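Trainee: I'd like to learn how to read a model like this one. Can we go through it feature by feature?

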Amino acid sequence: MWKLFNIEVYKIFRRPRTYIAFAAITALIVIIQLGLYVDGDSYVDFLMSGLKDSFDFQGKILNGYLVCYILLQLLLVHVPLLIALVSADMISGEANMGTLRLLITKPVSKTSFMLGKFLAASFYTLLLLIWIAFLALAVSTWLFGTGDLIIQKNAYVVQMSQDDVFWRYAGAFAFAFLAMLAVTALGFFLSVFSENSIGPIVATISIIIFFTIMSTMSIPLFQHIQPYLFTSHMVNWKEFFDEKLDASDNVIKGSIQNVEQLYNSAIVLGVYIVVFVSGAIIIFKRKDILS
Amino acid sequence: MKLLFPFLVFIFSLNTVQAQDAATLVSKLKEKLQKVHDYEATGILKTDVAFIKSPAGKIIVYYKNPDKFTLKRQGGISILPKGGMNVNMASMMSFDYLAIDAGEAIVNGVNTRVIKLLPNDEKSELILSTLYIDPVNMLLQKAITTTRSNGTYEMLMSYGKYAAYGLPDKVVFSFNTKDYKIPKGVTLEFNDANKADMEKMKNKKGKVEISYSSYIINKGVPDSIFK
């Protein structure tokens, strides 16, 4: 399995397509950081405009932690599209090149072959998230410094002490990895059905866009379906950035408001991953490989 | 008719005496507060606003006569009600005003004189200030201030070891908050907020509490701190 994994990782990183995601993310993060570095105060004034009429904020609102939060809000919606470029190509790419038939003549079970491929695609997803974490968190805190994190929810504002933020990012990135793994699994699943890469890539992107729209629209019909869509749960990394209050309305430091929601979302995403990967393996095992 | 004139003179003079009393009391309080030229105080700031979840944090407050005041949260951000956080009580009486005696009241279990301060300048930002002064210890126990742009806010003071300087150990600011509403496009939160949460956040009074642990009085505070 380890050897299979290594071979697949080697193949992924030999393809120029793999680096598109890293380049796109680097360009996006750098341009946003540059914009915020030059004129971030105006952006913060706009963000806080609803509150600045009534309150004075003393201290540095625009710090590395806030920049990282802004970046994650913007990026984690689009990263799935970049992940699809690789994950939806895992099987269909081989079929397209005509190497799939050759590969399964090797003395490796189809299950191991598929798991090796999925683990390699997951590794690519992990590296992409580590790269995002490095640029969005490490570089932002280096550029903008650290401080308390103030974020706005629909109904309220949450302030987190600077010594209570880093672990939340660690948790948020771990959760985001699970969410992106669900996308990886979806792309991987769809790649079994096609003999060219374009179809599964476009199908994965279309499903994500379609589900995301259904997850965000407040139409009662959709609201019944939303808890079952993986896209509704992918954004719940934000739950790490909300605090509980005690009976006297004091913030409980180091707490998470909706831990149950996080567990629930993690379970739903886990189920999706298992279903997609198992489905891909079952279908691949029953499939006649002709290409 | 013969008796009416002396009666009216008596009533007017009584009012004048009362007004003088009120003005004298405010002046005496002001004099006491002005003995503090500057201070550096450490304490804990707690913001209690329905739609703001903010942890309590350590703060340092700097004041310099006549009206320089700043509050710094150690390594963090402090959220304070606009316009209402000038803890420097001397500056609350540093405008040209008319003092009116409005009776007596009990605040924090202490008998106080209620004095209303009306600004003489019609365009003044301040509309009305009501002071509850403890005349025995010459301490301001409570102040209700109405301003043009920041509404009405209330300050309730508790005194301890710095009472001799007229400096409180604890100040509680109460103020009215507007409803918090922000477009989803700004927050990028597309899930609807919980309705119970939304109701809880409405029409609540906000409070900011500062509990001071120590003051360093009249030892000099550099101007650079207020920039």
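Trainee: What span does H9(A) reach from its first C-alpha to its last?

Mentor: H9(A) has 26 residues and reaches 37 Å, close to the 38 Å expected. Confidence in chain A is highest in this helix (residues 166-191), at a mean of 94.

Trainee: And where is confidence lowest in chain A?

Mentor: Where pLDDT is low, the predicted coordinates should not be read in detail. Here the lowest mean is 75, in helix H3 (residues 49-52) of chain A. Chain A as a whole averages 88, with 99% of its residues scoring at least 70.

Trainee: How many residues of H9(A) are buried?

Mentor: The count is 19 of the 26, so H9(A) is largely enclosed by the rest of the structure. Across the 291 residues of chain A, 44% count as buried.

Trainee: Now the sheet. What is the strand order in chain B?

Mentor: Strands of a sheet pair through backbone hydrogen bonds, either parallel or antiparallel. In chain B, 10 strands form an open sheet, ordered S4-S3-S1-S12-S11-S10-S9-S8-S7-S6, and the pairing is antiparallel. Strand S4 (68-73) and strand S6 (97-107) of chain B have a single partner strand each, so one side of each is left without a neighbour in the sheet. From one strand to the next, the twist averages 20°.

Trainee: How many bridges join S6(B) to S7(B)?

Mentor: Nine, with the two strands running antiparallel. For one bridge to look at, B:Glu104 is partnered with B:Arg113 in S7(B).

Note on methods. Residues numbered from 1 in each chain as written. Chains lettered and ligands numbered in written order. Predicted model: local features only at pLDDT ≥ 70, side-chain atom pairs only at ≥ 80, totals over all residues. pLDDT = per-residue confidence, 0-100. Helix = DSSP H or I, 4+ residues; strand = E, 2+ residues; numbered from the N terminus. Pairing = 2+ DSSP bridges. Axes fitted to C-alpha atoms, helices over the stretch in contact; angles between N-to-C directions. Expected span 1.5 Å × (residues − 1). Buried ≥ 20, exposed ≤ 12 C-beta atoms within 10 Å, placed from the backbone.
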